[in-house]
Amino acid sequence: MGPITLAVDVKNNSFELSSDASNRKMHNLRLEPKKFFASVNTSEEKPFDFLRTLFEGVIAGGTAGVVVETALYPIDTIKTRLQAARGGGQIILKGLYSGLAGNLAGVLPASAVFVGVYEPAKQTLLRTFPENLSAVAHLTAGAIGGLAASFIRVPTEVVKQRMQTGQFASAPAAVQLIVSKEGFRGLYAGYGSFLLRDLPFDAIQFCLYEQLRIGYKLAAKRDLNDPENAIIGAFAGALTGAITTPLDVIKTRLMVQGSANQYKGIFDCVQTIVREEGPQALLKGIGPRVMWIGIGGSIFFGVLESTKRFLAERRPDDQGYSNSKK
């Protein structure tokens, strides 16, 4: 190999390294700016197929939602009863699966809509934002998915929590009586507080999960397996659940108050709780909530990634795309 020489091109403000043996050049050597978030490069990924991404998101989201809701419903029931109890009210531990069937009827489409909207939104935003702003793309996509799913989630949540607190014996009866006494708006009781809780929750949880996955994959230099996805999902869910517990307490109180209207709105609810029960009441149910969402995040993201991979492996055009890359 001949001697290596260094040439400086002042006009183009670039450096060129040349070798007598290889005669290759390296242009524009620059210092990379520090990135505060994990980054993802979509330039070499498979071309974005909106309809396929939407379809696979709907299937994967619906599957993951039903599995996690069925597995953890009793913990959610205990959490709801803890938050709904005023003062030193006793917590009843019977009927922990009360309202599950009716809730699944709402969870399935809500989870399907959420992931079905989140995945295409995420892919679109990742191609729109700079590489080092992938966290913003994940935050925004999570909020968009949560907003789309809220139109199904809220009525489902209202009926579920009324049944969990013993107000109704069946979902159809709950819907009928709520509409007759409170009007159609009764099914959307606490909608504002629901968005106040769920939009930040969805945005933060999915951003944490995606960023941790990207960072882990870069460090491991390989795709993650299901147990690793589950562990990351558990951490993201538990942390987000703890942060948003006060918002969840407010949402629960507004949803279960029914026609009594003890609270006039979000701010009145906060003031009344703090005045009558103390600030610590805003953290009611944090133990079951963190445990429920932590385990739920583990199951949800584990099933979600497993289902997405299962569907991706059966894409009819995968083989052609793989061959085109070789």
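Is arginine 162 buried or exposed? At 1% relative accessibility, arginine 162 counts as buried. The cut-offs: buried is under 20% relative accessible area, exposed is over 50%, and partly exposed is in between, with a 1.4 Å probe and protein chains only.

Some ground rules. This is a predicted model, where local features need pLDDT of at least 70 and side-chain atom pairs count only at pLDDT 80 or more, while totals for chains, interfaces and linings use all residues. Residues are numbered from 1 along each chain as its sequence is written, and side-chain values use heavy atoms, with hydrogens and water left out.

Back to arginine 162. Its place is in helix H3. Helices here are DSSP runs of H or I with at least four residues, numbered from the N terminus. Set aside neighbours within four places in sequence, and arginine 162 is in contact with Gln167, Phe168, Ile178, Glu182, Gly186, Ala189, Met255, Val256 and Gly258. Contact means heavy atoms within 4.5 Å.

Next, helix packing. Two packed helices are described by the angle between their axes and the distance between the axes. Axes are lines fitted to C-alpha atoms, for helices over the stretch in contact, and angles run from 0 to 180 degrees between N-to-C directions.

Take H1, residues 50–84, and H2, residues 100–128. They pack at an angle of about 145°, with axes 6 Å apart. The crossing of H1 and H2 is right-handed. On the H1 side, the contact includes Gly57, Gly61, Gly62 and Gly65. On the H2 side, it includes Ser111, Ala112, Val115 and Gly116. By class, the contact of H1 with H2 has twelve nonpolar, ten polar and two charged residues. Ala, Val, Leu, Ile, Met, Phe, Trp, Tyr, Cys and Pro count as nonpolar, Asp, Glu, Lys and Arg as charged, and the others, Gly among them, as polar.

Leucine 93 sits in the loop between H1 and H2. At 58% relative accessibility, leucine 93 counts as exposed. Beyond its neighbours within four places in sequence, leucine 93 is in contact with Ile78 and Arg81. Leucine 93 and arginine 81 are twelve residues apart in sequence, and 9.1 Å apart in space, C-alpha to C-alpha.

The angle is about 145°, and the axes are 9 Å apart. This crossing of H5 and H6 is right-handed. H5 contributes residues including Phe201, Leu208, Tyr209 and Arg213. H6 contributes, among them, Glu228, Ile232, Phe235 and Leu239. The classes in the contact of H5 with H6 are ten nonpolar, six polar and two charged.

Lysine 221 lies in the loop between H5 and H6. Lysine 221 has a positive phi of about 60°, although it is not a glycine. At 77% relative accessibility, lysine 221 counts as exposed.

Now the core. What touches the most other members of the largest nonpolar core? Phe114, Phe206, Phe300, Phe301 and Leu304 do, out of 26 residues. A nonpolar core is a set of buried Ala, Val, Leu, Ile, Met, Phe, Trp, Tyr and Cys residues joined through side-chain atoms within 4.5 Å. H1, H2, H3 (134–164), H5 (191–220), H6 (226–243) and H9 (286–312) each give two or more residues to this core. A second, separate core has eleven residues, including Val154, Met163, Leu187 and Phe194.

Phenylalanine 206 touches Phe114, Tyr118, His138, Phe300 and Phe301, not counting residues up to four places away in sequence.

On to the aromatics. Rings of Phe, Tyr and Trp (its six-membered ring) pair if their centres lie within 6.5 Å; planes under 30 degrees apart count as stacked, over 60 as edge-to-face, and the rest as tilted. The count comes to eleven aromatic pairs. Phenylalanine 184 and tyrosine 188 have ring centres 5.8 Å apart and planes at 50°, so the pair is tilted. Phenylalanine 184 is exposed at 57% relative accessibility, and tyrosine 188 is partly exposed at 23%. Phenylalanine 300 and phenylalanine 301 pair edge-to-face: 5.4 Å centre to centre, 90° between the planes. Phenylalanine 300 is buried at 14%, and phenylalanine 301 is buried at 0%. Phe114, Tyr118, Phe206, Tyr209, Phe300 and Phe301 form one aromatic cluster.

Definitions and conventions. Left-handed = near helix turned anticlockwise from the far one by under 90°.
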